[in-house]
Amino acid sequence: MSLTSRLIDRLAKLPPPLTRDVHVERDVVVPMRDGVTLRADVHTPRGRTLAAGALPTVLVRTPYGRRGFAELTAATPLAQRGFRVVVQAVRGTDRSGGVLDPFGQEGADGVDTVRWIEHQPWFDGRLATYGASYYGFTQWALAREAGASLKAMCLQVTASQFRDQTYAGESYSLDATLSWTQLMSALVANHGLFTLQVLGAGRRREILKKLPLASLDRELTGATVDFWQAWLAHDARDAPYWTETRDFQRDVASITAPIQIVTGWFDIFLPWTLLDHAALVAAGRTPRLYIGPFAHADMGVMAAGLREGIDWLRAHLLDDRSGTREAPVRVCVMTHGTSGREREFAAWPPPGTRERRFHLHPRGELAEAPPPMSAPDRFRYDPADPTPSVGGVLLGRDAGAKDNRALEARADVCTYTSAPLERDLEVVGPVRAEVFFSSSTPWTDVFVRLCDVQPSGRSLNVCDGLLRLTPGRVATVEGGVLRVPIDLWPTAYRFPRGHRLRVQVSSGAHPRFARNLGAGEPLASGTTMVVAEQQIHHDPAHPSALVLPVLEG
C-alpha cells in the first residue's frame, strides 16, 4: 500500500503527506431510518503533527467497493494529508444491506449517514464530501439536507441528475448504460473485475448489436436486471421514476456549501455538469470549475480531482488557502487532439468570445459565407448496418480524440471541410449546429461532429452531439424541411494555422447511442428496421451551419 500510495502521489503531483500512518477501522455499521444497515471503513491519520481528535471528516459514498479504487485514489491520499475519511458502500453493495436501486436511494441514505457522523465522538463539526461519477451524484443527493456541518464538496465528472445523460439527445446512451449494468451485476455477484475487464468487453461488443434492447441484460448477465428494465421503460424527462428520487437539479441553487467541480471535455456528463455550475453561479455562489482533456474513466480525472480537491478541502476545512487559485474557472485548451495550455477565466462561458457561423456548402465545402443555391446532399441510413461511433464521449479506452478518416469514408457520413486556416482559431465555450434536414421516416437521428483536419489529412474529433427526431419534436419550414437544432459538447480547442475545420453529418453513432430503427416502435421492444433516405439542405433558404464560440485576440 505504501508503494502504491507513493506512485499515486507522483502521478497526481500531490503535495507531501503529513503522515503515512493511517489506521483503518473496517466494517463499521451505519444504521438507516428503515432499519437497513450500511457498511463503512473509517480511515484515521496518525502522527505527531496531527492533533488527536481534531480532524475534519470527508465522506465518500460508493457502489464500487470500499477497498481497491476508492481506498487507493481517495481514502488513503486524503487521510495522509490530515483528513478522517469515511468510505461507505451504498445500499446493496459490498456487504451493505438492502437492494441496490441505482440513484433512487442516495438522498435518504446519504442524509442518514451524515446524521450518524455528527453523533460520533470523533466528529469535530467539519464535514466535506468527495468523489467522482456515482460518488459525485451521492453528494448532490444529500447536500440540501446535510445541514451546517457540510463545509465543502468536491465533485468530479458527475451531475445532479443522471436521466439526461441516460437519454442524451433524447436517444439512449446504450454503450454507457450497458457497460455500467455489466459492471454492477459483476460487483453485486462478487465476480472478479479482472475477468470482467478481460472477457466482458468482447462479449458486450457482440451483445450491443442485438435487439430488442430489453433482452440485453439477460444476454449479458444471465438474469433480468431491474434497473436496466426501468431505464428503458421510463424514457420521458418528467417520468416520476426520475423526478421523485433521482433528480436533485432543483436543489442545486439552494446549496450553500462551497463547491468545486472537476470534469473533462470528453466526459459523458459534461453538458449537465455545466448546467449545475450555471445554476450555482446564477444563485450567487462562487464554485470553482476545472475542465481538462479527459474522458470519464481517464486516470487524469483522478489525478486532477485529488490535486484540486486537496487544495479545496484545505481551504474550507483547515482555513489554509495557500493552494487555492483566485480565478473561478480554469480550462485546458486542447490542440492536436490532446492537452494544450491551461487558461483561466472569470466565468463560464468565458467573456470575450464571438459566435462565428460556418455554413455547409455544396461539394463538401465549409465556409463562413452563406451557401449558394444548391441541391441537398443525400445519404441512406440503414439501421442493420448502423453508422459506428469512433472516439468521443465513451466510457472505455476508445474515448477521446481518434482518427476519423475510416468513418468519414462511409457512404452514410457526409463531410464539409473548410479551407486551411490562415491563422490560429481558438474555440472556447458551447458549440451548436443548425441543420436543415429531410428524411423518408419521421423517426430518425441527426448526428453532428466537429473535427480538426491536420495537414497530413488525419481527422481528429473535437466535439459532437445528436438529436433524436420524432413527429413534432422540431420545427418544420417550407417544403416540409426540418430545422434541427443540435447542442454539441462544449469544448476548448485551438485549431492551428494550416489546419482545416470539418463537420460530419450522419444519422447515428452506434453503440454510443442506440441506433434509431426508423419505425417508431418502443425503445425497449422495437425490432423492426426501416431504411431512411436522408437529405441535408444547404441553400439560402436552408443555411445549415455550425456555430462556434471563438475567443478573439
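This is a predicted model: local features need pLDDT of at least 70, side-chain atom pairs count only at pLDDT 80 or more; totals for chains, interfaces and linings use all residues.
Two strands count as paired if DSSP finds at least two bridges between them. Strand S16 (residues 444-453) and strand S17 are joined by ten bridges and run antiparallel. Asp 445 sits opposite Arg 468 of S17, and Val 448 has Gly 465 in S17 as its bridge partner. Between the two strands of this hairpin lie five residues, and Gly 457 takes a positive phi near 100 degrees.

S16 and S17 are part of an open sheet of four strands, ordered S14-S20-S16-S17, with antiparallel pairing. At the edges are strand S14 (414-417) and S17, each of which pairs on one side only. On average, neighbouring strands of the sheet are turned by 15 degrees against each other, direction ignored. As for how strands hold on to one another in general, the pairing in a sheet goes through backbone hydrogen bonds, either parallel or antiparallel.

Now for the helices. Packing of two helices is described by the angle between their axes and the distance between the axes. Helix H6 (residues 174-188) packs with helix H9 (residues 226-233) at an angle of about 160 degrees, the axes lying 10 Å apart. Angles over 145 degrees count as roughly antiparallel, so H6 and H9 are roughly antiparallel to each other. Their crossing is right-handed. On the H6 side, the residues that meet H9 are Leu 174, Thr 177, Leu 178, Trp 180, Thr 181 and Met 184, while H9 brings Phe 227, Trp 228 and Trp 231. Sorted by class, this contact of H6 with H9 holds seven nonpolar and two polar residues, with no charged ones.

The axes of helix H2 (residues 69-79) and helix H12 (residues 299-317) come within 11 Å and cross at roughly 25 degrees, which makes H2 roughly parallel to H12. The crossing of H2 and H12 is right-handed. Phe 69, Thr 73, Pro 77 and Leu 78 are the H2 residues in this contact, and they meet Met 299, Met 302, Leu 306, Ile 310 and Leu 313 of H12. The classes here come to eight nonpolar residues, one polar and no charged.

Two further spots are worth a look for burial. Helix H4 (residues 134-143) is mostly covered, with ten of its ten residues buried. The cut-off for buried is under 20% relative accessible area, and His 542 has 12%, so it is buried. Leaving aside neighbours within four places in sequence, His 542 is in contact with Phe 436, Val 477, Glu 478, Val 481 and His 537.

Key
Residues are numbered from 1 along each chain as its sequence is written. Side-chain values use heavy atoms; hydrogens and water are left out. Axes are lines fitted to C-alpha atoms, for helices over the stretch in contact, and angles run from 0 to 180 degrees between N-to-C directions. Angles under 35 degrees count as roughly parallel, over 145 as roughly antiparallel, 65 to 115 as roughly perpendicular and the rest as oblique. A crossing is left-handed if the near helix is turned anticlockwise from the far one by less than a right angle, and right-handed if clockwise. Contact means heavy atoms within 4.5 Å. Ala, Val, Leu, Ile, Met, Phe, Trp, Tyr, Cys and Pro count as nonpolar, Asp, Glu, Lys and Arg as charged, and the others, Gly among them, as polar. Buried means under 20% relative accessible area, exposed over 50%, partly exposed in between (1.4 Å probe, protein chains only).
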